[in-house]
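Subject: Structure handover

Hello,

Here is the structure we talked about. Please open it alongside this note. My findings follow below it.

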Amino acid sequence: MNITKILLLLSSGLFLSCTNDTKITGNIDYLGDAHLILEQIPVHYKYAPLQQDTIEVDENGNFNFSINIDTGEIRLLSIGDNNYPLYLTPYNTLNIQIERSAFPKNVSIEGYEDNWDNRYSDYLASISEIERQIPLEEEKIKTAQENKLLELSQEKYNLAEEYLNGSPLDDYYFKAIGEHLVFSVRAIEYYQRFLESYDADSARTAVFEEADSLNFFTIESLRAQRAGIRDFSHYYARTFEIYDSVKAAYGMDLSEYDIKQVAYEELNEKRVQVLDHMKSRDALAHASMYLVAERIGEQGLEIARPSYEAYLNEFSDYQEYTDFLTYFYEEMKTVSPGQPAVPFSLPDIAGSIHKMDDYLGKFVLLDFWAGWCQPCLDEFSYMKQIYQDYSRDELEIIGISNEVDSLLWVQDVNRLELPWIQLYGGKGFEEETFKAYKGGGIPFYILVDPNGNIARYNDIRPSFNFTEVLDSLLQEHQKQFNQ
């Protein structure tokens, strides 16, 4: 191609049309040790890979970042645990001014077609008092006390409609609706537990009627929810008193995770009833994907396989969803029982490095925990007894912290007087070993056998079934050793 043709192409813009770069520029008054992160909203909130870009900030707080965008979409600008939604479009430039102490409030943006940043800031200001009151009212609902929880959550979605509905940030209107409906469903579980004459069937019908009137079961709404249909279907299943029945049958106050394991099929039967309310095939594909992913993540692959394969067949035309489920299913294969344990190299409080291979020849319980996780702390009294009951030739326990702040970790280890090995991973749920095991929440337990292979994957609890499981495995291991 000669220079004349190249110049003609450049002048016509044809060479420039191959990129859809969106520019993000601006200034933040203070960042410190934190990072300015741009996050893409994943197809699944817990199990899908998270795409993040770090925006470099110079010593004066200035930043200039480019990203390729094919169509208008929301991405999250994050600092620590707080985030702010940006609506990005191809070829556009957003100039952003951030006041760190107020973030995510008081963010100013130039480059929008309308004053969406002001509308979002006004929305955050309008719900500030509501957000403060909701947790207080939420505690009251757990004992069926008189409360204003549903009135407050309804007021919140009305404000979201006023400020954001019809704008590119209307996901936050749908999010507020979803939050309100989840509260409505949760109320049924608690009210029927404490109020003798409460009619749970009528209450469930009323919630579905309200959800229909608010277009909750549409694809636009479901995509806006942080956890898709998961939270609504989860709490709907709980309204059938399955949790109370399991606790009564076992005669003990089981953790939620243990109940979900013991009564999974009964709970799942109720969850899938929600699918009958989907308004379109798009909504059905999205909601079904979430339920299948939960099954893959919470049950063994042999149990999950039929529903997984059925989804791939029925919704083969939804490639984004089938690609994700295939990825997740194959990832879970790598941490299924019989697979090699994930190697690690982590420090203890003294700075000594521990590796997984150091503990071959015995069973090892890996306990992922953090000081802010009350269910983690609730297990420690049982773990202390287990640690006394078995010799170090039989069992070692290794705690791996998901605490972000190493100083808090040290304080917690000393305060709690935990006698087993404590290692620091840090980084919250981004801790490498936790991520490699596909952990979705804590407490999270992996039992490794003496050969260094995974024996049990997060289906054991010190307070519930661990002793029974370990005794059986020790007997089996001893038989193999004697042969």
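One caution first: this is a predicted model. I start with the helix packing.

Two packed helices are described by the angle between their axes and the distance between the axes. Take α3 (residues 128–141) and α4 (residues 149–164): their axes are 8 Å apart and the packing angle is about 150°. That angle is over 145°, the cut-off for roughly antiparallel, so α3 is roughly antiparallel to α4. The crossing of α3 past α4 is left-handed. On the α3 side, the contact uses Ile130, Glu131, Gln133, Ile134, Glu137, Glu138 and Ile141. On the α4 side, Leu149, Leu152, Ser153, Glu155, Lys156 and Leu159 meet them. By class, the contact of α3 with α4 has six nonpolar, two polar and five charged residues.

Helix α3 also packs on α5. Their axes come within 10 Å and cross at roughly 25°. This makes α3 roughly parallel to α5. From α3, the contact takes Ile134, Glu138 and Ile141. From α5, it takes Glu179, Phe183, Arg186, Ala187, Tyr190 and Tyr191. Six of the residues in the contact of α3 with α5 are nonpolar, three are charged and no polar ones take part.

**Helix α2**

Which residues of α2 (residues 116–126) are buried? They are Trp116, Asp117, Tyr120, Ser121, Tyr123 and Leu124. These residues lie on the same side of α2, because they cover an arc of only 155° around the axis. What do they pack against? The partners are β6 (82–88), β8 (108–110), α3, α4 and α5 (171–194).

**Helices α13 and α14**

Next, α13 (residues 301–314) and α14 (residues 319–333). Their axes come within 11 Å and cross at roughly 160°. The two helices are therefore roughly antiparallel to each other. This crossing, too, is left-handed. Helix α13 contributes Leu301, Arg305, Tyr308, Tyr311 and Leu312 to the contact. Helix α14 contributes Tyr321, Thr322, Leu325, Thr326, Tyr329, Met332 and Lys333. By class, the contact of α13 with α14 holds eight nonpolar, two polar and two charged residues.

**Two buried residues**

Arg461 sits in the loop between β15 (454–457) and α19 (466–482). Is Arg461 buried or exposed? It has a relative accessible area of 3%. Buried means under 20%, so Arg461 is buried. Leaving aside neighbours within four places in sequence, Arg461 contacts Ser255, Tyr257, Asp258, Glu379, Pro443, Tyr445 and Phe466.

Ile400 belongs to strand β12 (residues 395–401). Its relative accessible area is 0%, so Ile400 is buried as well. Not counting residues up to four places away in sequence, Ile400 touches Phe344, Leu346, Asp367, Phe368, Trp369, Leu423, Glu431 and Thr433. Ile400 and Phe444 are 44 residues apart along the chain, and their C-alpha atoms are separated by 9.9 Å.

**Backbone geometry to check**

Most residues other than glycine have a negative phi, and most peptide bonds are trans. The following sites depart from that pattern.

- Phe103 to Pro104: this peptide bond is cis, with omega near 15°. Pro104 is in the loop between β7 (93–98) and β8.
- Ile442 to Pro443: a cis peptide bond joins them, and omega is about 5°. Pro443 is in the loop between α18 (432–436) and β14 (444–448). Pro443 is also one of the contacts of Arg461.
- Asn106: phi is positive, near 60°. Asn106 is in the loop between β7 and β8. With a relative accessible area of 49%, Asn106 is partly exposed.
- Asn215: phi is positive here too, near 60°. Asn215 is in the loop between α6 (200–213) and α7 (219–224). Its relative accessibility is 43%, so Asn215 counts as partly exposed.

Note that the loop between β7 and β8 holds both Pro104 and Asn106.

Best wishes

How values were computed: Residues are numbered from 1 along each chain as its sequence is written. This is a predicted model: local features need pLDDT of at least 70, side-chain atom pairs count only at pLDDT 80 or more; totals for chains, interfaces and linings use all residues. Side-chain values use heavy atoms; hydrogens and water are left out. Helices (H or I, at least four residues) and strands (E, at least two) are DSSP runs, numbered from the N terminus. Buried means under 20% relative accessible area, exposed over 50%, partly exposed in between (1.4 Å probe, protein chains only). Contact means heavy atoms within 4.5 Å. Axes are lines fitted to C-alpha atoms, for helices over the stretch in contact, and angles run from 0 to 180 degrees between N-to-C directions. Angles under 35 degrees count as roughly parallel, over 145 as roughly antiparallel, 65 to 115 as roughly perpendicular and the rest as oblique. A crossing is left-handed if the near helix is turned anticlockwise from the far one by less than a right angle, and right-handed if clockwise. Ala, Val, Leu, Ile, Met, Phe, Trp, Tyr, Cys and Pro count as nonpolar, Asp, Glu, Lys and Arg as charged, and the others, Gly among them, as polar. The arc is that of the directions from the helix axis to the C-beta atoms.
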